[in-house]
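Here is a quick tour for anyone opening this one up for the first time. Have the sequence and the 3D view side by side as you read.

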Amino acid sequence: MITPPRVLPAGDRALVVEYGATIDERVNARVRGLAAMLNAAAPPGIIETVPTYRSLMVHYDPLRLAVSDLESILRAADAGLAAEAVPERRTIEMPVVYGGEFGPDLADVAAHHGLSEDDVVAIHAATDYLIFMMGFMPGFPYLGGLSPRIATPRLSTPRSVVPAGSVGIAGQQTGIYPTDSPGGWRLIGRTPVRLFDTARTPPVLFEAGDYLRFIPVSARESAEIRRNVASGAFAPVIRVERTHPR
Amino acid sequence: MTWIDVLDGGMLTTVQDLGRVGSQKYGVPESGAMDGLALRAANRLVGNADSAACLEMTLAGPELRLGAPVVIALTGADLGALVNGRPAARWQAVSVEADTVLTFRGVRDGMRAYLAVNGGIDVPLVLGSRSTFTRSALGGFEGRALCAGDRIPVGAAPGPPRRPGRLLPRHAVPVYGHAHSVRVVMGPQDDAFTDEGIRTFLAETYTLSTQSDRIGCRLSGPRIAHRTGADIVSDGTTLGSVQVTGDGLPIVLMADRGTTGGYAKIATVTSVDVSRLAQAMPGDRITFVRIGLDEAHALLRGAHAWLDAIRRPGAEEEDPAAIYDEDSGATLAAEGCVGLASALGVRRATRASGRDMVRAGMPGVVVSVAVGPGDEVAERQTLLVIEAMKMHSPLRSPRAGRVGRVLVTPGALVEAGTDLIEFDSTQARDDEHDDR
C-alpha cells in the first residue's frame, strides 16, 4: 500500500520525501522514481538528491528556491509518478570467488545452517539482489533479497581490515565492501571488480535501483578479471530488461 | 604557481572547500569546511570564489612557509596566528612576502581556523571537490591531514590581488566563547520522541564531548526519551542532523558524516549555527533553541549579508598597510597566558602566581608523559601526549627550562585549565620567548 508521501524539513537546506517507514521494494521504487524525475527535470535550486530505503533526501539552496516552491515541485513530481514510464531493470553481474582465502567464513556459514559450502554458494548466487540504497561508506550497496536459509549473525569480534571486494553476510543482509575497511560481516567470497574508483564517472558501477547478481568464478578466472580491471579492459556484464508496471 | 611548505602539520590541518556535491547518492560523504561561513569569508577577503579550497586548521595550528609573495586571510577560530613571529590580523586580507612563516601559538577562541590564499589551494578535484575525506583517503592533499615535509600547491590568482587591508568590519567579527545557543528546526523524526524527550532536548544544557570530530559533535548531558526506540529504517542525513542514539544522547552530524543513518533525528541545526557549532571546543556548553523554517531561512540570508559586508569597502579599510594587528598584539601581552604553537592550547600561568605552569587547553586524556622532575627541556620539546578529538596530540614545551613537578600520570582525565607540568621556579626565567 503506497500512501502519499510526507514532506518533512531536514533543516533549512533539505526536505525529506518519505514514502514509508519499512523496507519494501514498492516503497523503494517510488523513492527512486521520484529521484529519476527530479534528476531529469533538474529544477534550478535543487542541489542533489539522495535515495534511501524509504525516502528521498532533497538538498536545495533556499537562497535560489523557496521551500514552498520546492514542495510544489515535489508534490507535482510525485503525482506524475504513476504515469511515468516504468524504468528498465538493470542487473549487474558481479564475479565472485567463493570460499578459501577469499571467503574465510564460508565454512562457518555453512556449518551454522547445516549446509555444505556448495549449498551456500548456490543459494547466494541464485538471487538478483535489489540495491535499495548506497551509504555507510563510498560505493557500499545495501542489498535486499538474502535468503533466510543463509542469513547468519555478524562476527562477535570484527576484523580490523576487510579487503576491498569482500562479499559478506550480516544478519539478513548481504553486501560487498567497496574499499578496505574494518568490519564484522561474515566473509564468504571476494570479487576482483573495483567497485569504487574516483577516476571513473560515475565512480560506482551500479546505483540504487539496480540489481546485483553474484556469479561464482574460479580463482584463475578471478585473477584474469583482476588483470583486466587493472588495465581498464574490464566492463561488467549488465543485463537490461523492461519491467512490467508496478 | 606557488606553494605552501608544511613545517609542522599541527593537530589536524586539511584542505577543504564547500564540500563534495552530487556524490552522496553513491555513499560519498559531503565533507567540506566545518565552518562554511568562515571559509567563504576567507575566500572573499583574498578575492577567491567562495568555492575555492582553503586550509582548515584545528585547535593547534600548523607551521607553514609561503613560497612566494601572496595575499592571505585568516578567519574562523583565533589560534594565535603569528606572521614571522608577529601577531597576525584575522578576518583581513594580508600581503606577505616569500618565505613568510606562519605559526600558531595556541587557541584563544574557537576551534577551527581557515587560511585562504589568493588563487586557492590547488590540489586535484576529486568528484568535483578538493575537500579531504581522510577516512576513505579521498580528495585533498593525498587524502590525508597535512604533515611536515608536504608541499601544497597554490593556484594562479584569479585576477589582480585584492588590496591588502580589505577586512570584515570589526563589529562583525564573530566571538565564539564557550557557551553556544544553537538554533534548530525540529524534525524530520521528532515524532519518534516523547513530549518529555523533546522538552529535555530543548531545556537542558549539553556538553561537547572529547569524542567529537569532523563526523559528528557528540554531546553529553540528560538523556532524551524515544517513544519506541532509537532505530529507524535508515534514511538520509544532512549537515546538522541531530540524531539521538540508543543511549539517549544527541550527536550533531557534521561534514564527514555518513550519507545515511539509522537513528531517529529529533531536529536539524540551522546552517548558520552549524558554523557556530564547528567552533565549539570539547567541554563547551550547548543549548538548543527551536525556531521555524522561515526564521532559519531569514538567518541564512542574514549570514550572506554579513559576508557581503566584506565586499563593500568600509571606513575600516582605510589603512592598506595594516598587515599586523597591533591591537590584537596588545591583547596578547595583557592576557599573558597565551597558548603555544603546536600544542593543545597550553596556557602559561600569570605572573601573579609566581609559577610557570603548563595547563591543558581542553579536556582530554593523558596518554603518555615524556618528561620527569628535574629534566632539562628545550622549547617545543614534547612534554606529554593528550588524546582529544580522537587524536593523539603532543603537548610541547612553551620554552626551555627545567621541569619542576609533573602533576598528571598516563590515563588521567584532564579538563581545560588542569595543571599538567610545573617548571622549576628557582631557575632563571627565559624571557626570550615571553609573550611580550
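This is a predicted model: local features need pLDDT of at least 70, side-chain atom pairs count only at pLDDT 80 or more; totals for chains, interfaces and linings use all residues.

**A proline in a chain B loop**

B:P188 sits in the loop of chain B between β12 (179-186) and α2 (195-203); helices here are DSSP runs of H or I with at least four residues, strands are runs of E with at least two, and both are numbered from the N terminus.

Residues are numbered from 1 along each chain as its sequence is written, and chains are lettered from A and ligands numbered from 1 in the order in which they are written.

**Other backbone spots to look at**

- Chain A has a cis peptide bond too, joining A:T201 and A:P202 with omega about -10°.
- A:P202 is in the loop that runs between β12 (186-190) and β13 (211-216) of chain A.
- A:A42 is not a glycine, yet its phi is positive, near 45°; look for A:A42 in the loop between α1 (25-41) and β3 (46-51) of chain A.
- A:A42 has 8 C-beta neighbours inside 10 Å, so it counts as exposed (12 or fewer other C-beta atoms within 10 Å means exposed, 20 or more means buried, in between is partly exposed, and C-beta atoms are placed from the backbone).
- B:L127 also has a positive phi, near 50°, and lies in the chain B loop between β10 (109-117) and β11 (151-154).
- B:L127 is buried, with 20 other C-beta atoms within 10 Å.

**Helices that meet in chain A**

- The axes of α1(A) and α2 (residues 67-80) of chain A come within 10 Å and cross at roughly 120° (axes are lines fitted to C-alpha atoms, for helices over the stretch in contact, with angles from 0 to 180 degrees between N-to-C directions).
- On the α1(A) side, A:L34, A:M37 and A:L38 meet A:A77, A:D78 and A:G80 of α2(A) (contact means C-beta atoms, placed from the backbone, within 7 Å).
- For α3 (residues 106-113) and α4 (residues 117-124) of chain A, the axes come within 8 Å and cross at roughly 95°.
- α3(A) and α4(A) are therefore roughly perpendicular to each other (the term covers 65 to 115 degrees).
- A:L106, A:A107, A:V109 and A:A110 from α3(A) meet A:E117, A:D119 and A:V120 from α4(A).

**Where the chains touch**

- The contact takes 40 residues from chain A and 35 residues from chain B.
- On the chain B side, β15 (231-236), β19 (265-269) and α4 (293-311) each supply at least two residues.
- α4(B) gives the most to that side, with 6 residues.

**Nonpolar cores**

- The largest nonpolar core has 110 residues (a core is a set of buried Ala, Val, Leu, Ile, Met, Phe, Trp, Tyr and Cys residues joined through C-beta atoms within 7 Å).
- Among the residues with the most contacts inside this core are B:A42, B:C54 and B:Y114.
- Helix α1 (residues 36-46) of chain B gives the most to this core, with 7 residues.
- Setting aside neighbours within four places in sequence, B:C54 is in contact with residues including B:Q16, B:L39, B:N43 and B:I121.
- A second, separate core of 47 residues includes A:V96, A:L106, A:V193 and A:L195.

Terms used
Two residues are in contact if their C-beta atoms, placed from the backbone, lie within 7 Å. Angles under 35 degrees count as roughly parallel, over 145 as roughly antiparallel, 65 to 115 as roughly perpendicular and the rest as oblique.
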